[in-house]
Amino acid sequence: MLDRKIIFVLFLSLFHFSVKAQKQELRTLYLQQISLDADWSTTFDGGYYKGLTNANYTRWGIRNVTKYRLNGTLVLDAGFMYNRVDRYENGVENEFRPHQSLHVAYPRFENMTIKHRFRMEEQFYTHSYNDKTDFATRLRYAVSTQRAIDFKKRIEPNTLYWKASCELSFNFIGRLIEEDKHLFQRGRYGLGLGYQFNSKMSIEGMVYYQRTYSNASFHEYSDLTIYNFYLKRRVFWQKKKKKVVSPT
């Protein structure tokens with residue numbers, strides 16, 4: 001009962017900050033995961049991003065990520081994302097974003113696991129309105145978890161569950177460090193619900209509150225509420241071993 005009260009308070013707090021945000025964004029995304037074997041998997045995801053209220057832009061992006069499981073706790077991945085942003089008044093911005101990540105699943109409980117992600121991203125930007133190319137590097141640390149609404153159950157087919165996450169982003173090198181002189185870039189905090197239909201498909205709805213800082217004093221910032229809807233599918237594919245016939 002105490003856990004449910006804590007989740008309820010978190011939802012109310014997130015809602016309070018979200019309604020005060022200056023800008024809003026709607027995301028509709030699709031993710032396809034392909035498991036090649038017990039250790040290797042690859043995912044393709046993409047979707048449409050629409051700025052609402054005072055956010056005058058549209059964006060669509062596609063991404064591929066390949067993961068390798070070192071053991072039950074550690075996973076490595078590498079990927080690449082392309083974003084096309086139309087800012088209407090300024091023109092089109094293209095972003096090319098490779099990344100490398102380390103995932104840590106710890107601690108583990110009976111029906112819930114705390115997951116940590118350390119991701120380094122390299123961002124390359126081109127613009128339709130000038131010939132300038134920008135470059136930046138950032139580190140993103142995220143901690144997240146999910147659990148069935150019925151705390152006594154695991155997340156399995158026909159299960160409703162909740163999700164919670166917190167992500168912190170830090171500038172490293174490139175344009176953002178040189179001009180704005182700040183290290184901490186933004187914080188993004190999310191809560192949501194999901195439903196797993198079967199072993200291959202689930203749907204999730206998340207609300208994120210994001211605050212992005214533009215200088216080291218933290219006096220200048222912008223707030224954004226993100227409404228994120230995700231359809232996730234899994235395809236399990238594994239090469240069958242050839243049957244060896246023993247000579248008679």
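Predicted model: local features only at pLDDT ≥ 70, side-chain atom pairs only at ≥ 80, totals over all residues.
Reader: What makes S1 and S2 a pair of strands, and in which sense do they pair?
Author: Two strands pair if at least two bridges are found between them, and strand S1 (residues 23–35) and strand S2 (residues 40–53) have 13 bridges in the antiparallel sense, so by the cut-off of at least two bridges they count as a pair. As an example, Gln 33 stands opposite Thr 43 in S2, and the hairpin that joins S1 to S2 runs through 4 residues.

Reader: In which sense does S1 pair with S11?
Author: S1 pairs with strand S11 (residues 221–236) in the parallel sense, over 13 bridges. Here Lys 23 has Leu 224 in S11 as its bridge partner.

Reader: Why is Asp 37 called partly exposed rather than buried or exposed?
Author: Buried means under 20% relative accessible area and exposed means over 50%, with partly exposed in between; because Asp 37 has a relative accessibility of 35%, it counts as partly exposed. Asp 37 is found in the loop between S1 and S2, and although Asp 37 and Tyr 68 are 31 residues apart in sequence, their C-alpha atoms are 9.9 Å apart in space.

Reader: Which label, exposed or partly exposed, belongs to Tyr 88, and which to Asn 158?
Author: The cut-off for exposed is over 50%; because Tyr 88 has a relative accessible area of 42%, it is partly exposed, whereas Asn 158 is exposed because its value is 57%. Tyr 88, in the loop between strand S4 (74–86) and S5, has a positive phi of about 60° although it is not a glycine. Asn 158, in the loop between strand S7 (133–148) and strand S8 (159–174), is not a glycine either, and has a positive phi of about 65°.

Reader: How do you know that Arg 138 and Glu 121 form a salt bridge?
Author: A salt bridge requires a side-chain nitrogen of Lys or Arg within 4 Å of a carboxyl oxygen of Asp or Glu, and the closest N and O atoms of Arg 138 and Glu 121 are 2.7 Å apart, which meets that cut-off. Arg 138 lies in strand S7 and Glu 121 in strand S6 (residues 113–127), so the pair ties together parts that are 17 residues apart in sequence. Arg 138 is called buried because its relative accessible area is 4%, and Glu 121 is called buried because its value is 1%. Both residues belong to a network of salt bridges that also links Glu 95, Arg 97, Arg 117, Arg 140, Glu 167, Arg 186 and Arg 188.

Reader: How many salt bridges are there by this rule?
Author: The count comes to 17 salt bridges. One of them joins Glu 204 and Lys 232, with the closest N and O atoms 3.3 Å apart; this pair links strand S10 (residues 201–213), where Glu 204 lies, with strand S11, where Lys 232 lies, across 28 residues. Both Glu 204 and Lys 232 are buried.

Reader: Which labels do Arg 211 and Asp 223 receive, buried or partly exposed?
Author: Arg 211 forms a salt bridge with Asp 223, the closest N and O atoms being 2.8 Å apart, and the pair links Arg 211 in strand S10 with Asp 223 in strand S11, 12 residues apart. The cut-off for buried is under 20%; Arg 211 counts as partly exposed because its relative accessibility is 22%, while Asp 223, at 8%, counts as buried.

Key. Residues numbered from 1 in each chain as written. Heavy atoms only, no water. Helix = DSSP H or I, 4+ residues; strand = E, 2+ residues; numbered from the N terminus. Buried < 20%, exposed > 50% of the residue type's maximum accessible area, 1.4 Å probe, protein only.
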